[in-house]
Amino acid sequence: MFNVFGIKEKALPWISDFLKSRVIRVKYNKTLPEDFKLSQGVTQGSLSILSPTLLFMLLAGLEKLITENSSIDLFVDDIVLWYSSHDIPSIEANLFQYLNRVNDFATNQKLSFNLTKSVTSFFTTNRDLYKYQPTVFRKDQKLLYVKHPKYLGFTLDQEILCNWHIEDLINKSRKRLNILKYIFEHDWGADASTLKITYTTLIRPVLEFDSAIFFISQILTLKNLKEYS
């Protein structure tokens, strides 16, 4: 930590105390087993900011494995890797190579990727390729293809027009709007202040999620969303 990140003095033993002597127990019904000592990992949901910070430090250097036409983005433990080219076999071959590099990096850091949450997708403006499903492997395991994947709560579509994401917002808002209608039909919730609080708490945040993408969305799609705003 000192050589790479320059962490020294009191910070080093502080981090050491945070990591060492960790134990867990899982209670089942009324049975509480003996402590199980943890040799790696950090706590999730900890009030300390050290957990995500240490994870970033552990992943430091991962971005250097990606070169040429590839890019990689990390948000805590959500990682996305993409490659751009007009040659589809080149895309699949390069992604296979880079995924192996990432997998080797993770193995050296005693990390593992959840294969069930690892998916691949394909984006193109060529309508003749809309149904194409790329074949991408991580080591000897083929990644599941998802046509409209979600990343950080944003639903992606092949043309990057945001139509699928906005459609998801509409569906989610429609369901929550039913709650507002239910409250309105009862005496205890019919007053304007209750309806306003319910709307601003349950519906408005959904409509405003990733609102920056509305500037590149189709006008017709936005008109459908306007009905709930």
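1. Helices in this note are DSSP runs of H or I with at least four residues, numbered from the N terminus. By that count helix H3 is followed by Gly61, whose phi is positive, near 100°. The model is predicted.

2. Overall make-up. The protein chain holds seven helices and 10 strands. It has 229 residues, and 28% of them are buried. The accessible surface is about 16400 Å², with 57% of that belonging to carbon and sulfur atoms. Among contacts with a separation of 6 or more, 52% join residues 24 or more positions apart.

3. Helices H2 and H3. Two packed helices are described by the angle between their axes and the distance between the axes. For H2 (residues 11-19) and H3 (residues 50-59), the angle is about 105° and the axes are 12 Å apart. Angles from 65 to 115 degrees count as roughly perpendicular, and H2 and H3 are therefore roughly perpendicular to each other.

4. Who meets whom there. H2 contributes Trp14, Ile15, Phe18 and Leu19. H3 answers with Leu50, Ser51 and Leu54. By class, the contact of H2 with H3 has six nonpolar residues, one polar and no charged ones. The buried residues of H3 include Leu50, Ser51 and Leu54, and also Met57 and Leu59.

5. Helices H5 and H6. H5 spans residues 163-184 and H6 spans residues 192-208. Their axes come within 9 Å and cross at roughly 170°. That angle makes H5 roughly antiparallel to H6, since the cut-off for that label is over 145 degrees.

6. The H5 and H6 contact. From H5 come Leu169, Lys172, Ser173, Arg176, Leu177, Ile179, Leu180, Ile183 and Phe184. From H6 come Thr194, Leu195, Thr198, Tyr199, Leu202, Ile203, Val206 and Leu207. By class, the residues of this contact are 12 nonpolar, three polar and two charged.

7. Thr198. A polar atom of the Thr198 side chain lies 2.8 Å from the backbone oxygen of Thr194. Not counting residues up to four places away in sequence, Thr198 touches Leu180, Ile183 and Ile203.

8. Leu115. This residue is in the loop between helix H4 (88-108) and strand S5 (119-120). Its relative accessibility is 28%, so Leu115 counts as partly exposed. Which residues does Leu115 contact, leaving aside its neighbours within four places in sequence? They are Arg138, Gln141 and Leu143. Leu143 is 28 residues from Leu115 along the chain, and their C-alpha atoms are separated by 7.4 Å.

9. Most residues other than glycine have a negative phi. Asn29 has a positive phi, near 55°. Asn29 lies in the loop between strand S1 (23-24) and strand S2 (36-37). At 61% relative accessibility, Asn29 counts as exposed.

10. Leu152. Phi of Leu152 is also positive, near 55°. Leu152 is in the loop between strand S9 (150-151) and strand S10 (154-155). Its relative accessible area is 41%, so Leu152 is partly exposed.

Technical notes:
Residues numbered from 1 in each chain as written. Predicted model: local features only at pLDDT ≥ 70, side-chain atom pairs only at ≥ 80, totals over all residues. Heavy atoms only, no water. Axes fitted to C-alpha atoms, helices over the stretch in contact; angles between N-to-C directions. Helix = DSSP H or I, 4+ residues; strand = E, 2+ residues; numbered from the N terminus. Parallel < 35°, antiparallel > 145°, perpendicular 65-115°, else oblique. Contact = heavy atoms within 4.5 Å. Nonpolar A, V, L, I, M, F, W, Y, C, P; charged D, E, K, R; others polar. Buried < 20%, exposed > 50% of the residue type's maximum accessible area, 1.4 Å probe, protein only. Areas by Shrake-Rupley, 256 points an atom, 1.4 Å probe, with all protein chains shown as cover. Polar contact = N/O pair within 3.5 Å; in protein donor to acceptor, adjacent residues only side chain to side chain.
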